[in-house]
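The sequence and coordinates come first.

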Amino acid sequence: MTDGPAETVEHVSGTGIPVPGNDIDTDQIIPARFMKVVTFDGLGQFSFFDQRFTEDDEEKDHPMNEDRFRDASVMVVNANFGCGSSREHAPQALVRWGIDAIIGESFAEIFAGNCLALGVPTVTADAETIQAIQDWVDENPDGDIDVDVAAETVTYGDTTVDVTVDDAQRKALVEGVWDTTALMKANAGEVEKTAASLPYVDSA
């Protein structure tokens with residue numbers, strides 16, 4: 001469905017992966033030393049790298065190292081996820097690992113904005129609800145979670161819970177106007193007209 005210049009994002013469905021812990025910052029999500037790339041391609045393998053591997057590259061105990069969560073596309077986190085540095089590499093890495101939506105107690109504002117720019121919903125619920133979803137995912141790694149962005153619900157197993165989607169985020173995702181580059185391209189005529197009217201823009 002393409003009402004806007006980008007794909008609409010009304011539903012996201014997939015298996016889940018629980019990543020527990022409050023105040024998980026962007027340096028944990030993607031360490032700074034992996035940001036020296038020209039493109040974002042390949043960043044997925046470095047998601048949570050220092051939480052997943054020792055200095056000798058031996059695996060640590062982390063959900064992203066578990067085979068049962070390898071194909072997960074819905075991440076379930078706790079409070080203040082994505083805090084710290086405003087690096088856009090963090091959601092880029094998660095998307096390239098395979099994440100299409102994140103459910104959590106709360107998100108750092110810039111991180112949520114960077115997710116929106118990729119068409120990734122960041123939906124919120126209270127701590128008790130999040131804990132219940134994380135527990136369910138841990139027990140049902142092959143079970144699908146359905147995130148209904150438009151209706152602001154999350155369904156897992158036989159349970160449907162209300163969640164919150166920021167009004168501006170919901171509108172952008174449901175109407176397909178979350179991709180600002182596609183939006184500008186779709187309105188190229190208006191952009192050129194505005195640029196021509198600015199005295200400090202040389203159109204020559």
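## A salt bridge of lysine 171

With which residue does lysine 171 form a salt bridge, and how far apart are the closest N and O atoms? The partner is glutamate 175, and the closest N and O atoms are 3.0 Å apart. The model is a predicted one, and the distance is computed from it.

Lysine 171 and glutamate 175 are 4 residues apart in helix H6, so about one helical turn separates them. Lysine 171 counts as partly exposed because its relative accessibility is 49%, and the limit for exposed is over 50%. Glutamate 175 is also partly exposed, with a relative accessible area of 36%.

## Shared partners

By the rule applied here, the count of salt bridges comes to 8. Side chains of opposite charge can pair when their charged atoms come close.

## A second pair in helix H6

Helix H6 spans residues 167-175 and holds both arginine 170 and aspartate 167. These two are 3 residues apart, about one turn of the helix. Their side chains meet in a salt bridge, with an N to O distance of 3.2 Å.

Is each of the two partners exposed or partly exposed? Arginine 170 has a relative accessibility of 21% and therefore counts as partly exposed, given that buried means under 20%. Aspartate 167, at 55%, counts as exposed.

## Aspartate 67 and arginine 70

Aspartate 67 forms a salt bridge with arginine 70, and the closest N and O atoms lie 3.3 Å apart. Aspartate 67 counts as exposed at 61% relative accessibility, while arginine 70 counts as partly exposed at 35%.

## Packing of H3 and H4

Two packed helices are described by the angle between their axes and the distance between the axes. For helix H3 (residues 89-97) and helix H4 (residues 109-116), the angle is about 50 degrees and the axes are 8 Å apart.

The crossing of H3 and H4 is right-handed. On the H3 side the contact is made by Ala90, Pro91 and Leu94, and on the H4 side by Phe111, Asn114 and Cys115. By class, the contact residues of H3 with H4 comprise 5 nonpolar, 1 polar and no charged.

Definitions and conventions. Residues are numbered from 1 along each chain as its sequence is written. This is a predicted model: local features need pLDDT of at least 70, side-chain atom pairs count only at pLDDT 80 or more; totals for chains, interfaces and linings use all residues. Side-chain values use heavy atoms; hydrogens and water are left out. A salt bridge is a side-chain nitrogen of Lys or Arg within 4 Å of a carboxyl oxygen of Asp or Glu. Buried means under 20% relative accessible area, exposed over 50%, partly exposed in between (1.4 Å probe, protein chains only). Axes are lines fitted to C-alpha atoms, for helices over the stretch in contact, and angles run from 0 to 180 degrees between N-to-C directions. A crossing is left-handed if the near helix is turned anticlockwise from the far one by less than a right angle, and right-handed if clockwise. Contact means heavy atoms within 4.5 Å. Ala, Val, Leu, Ile, Met, Phe, Trp, Tyr, Cys and Pro count as nonpolar, Asp, Glu, Lys and Arg as charged, and the others, Gly among them, as polar.
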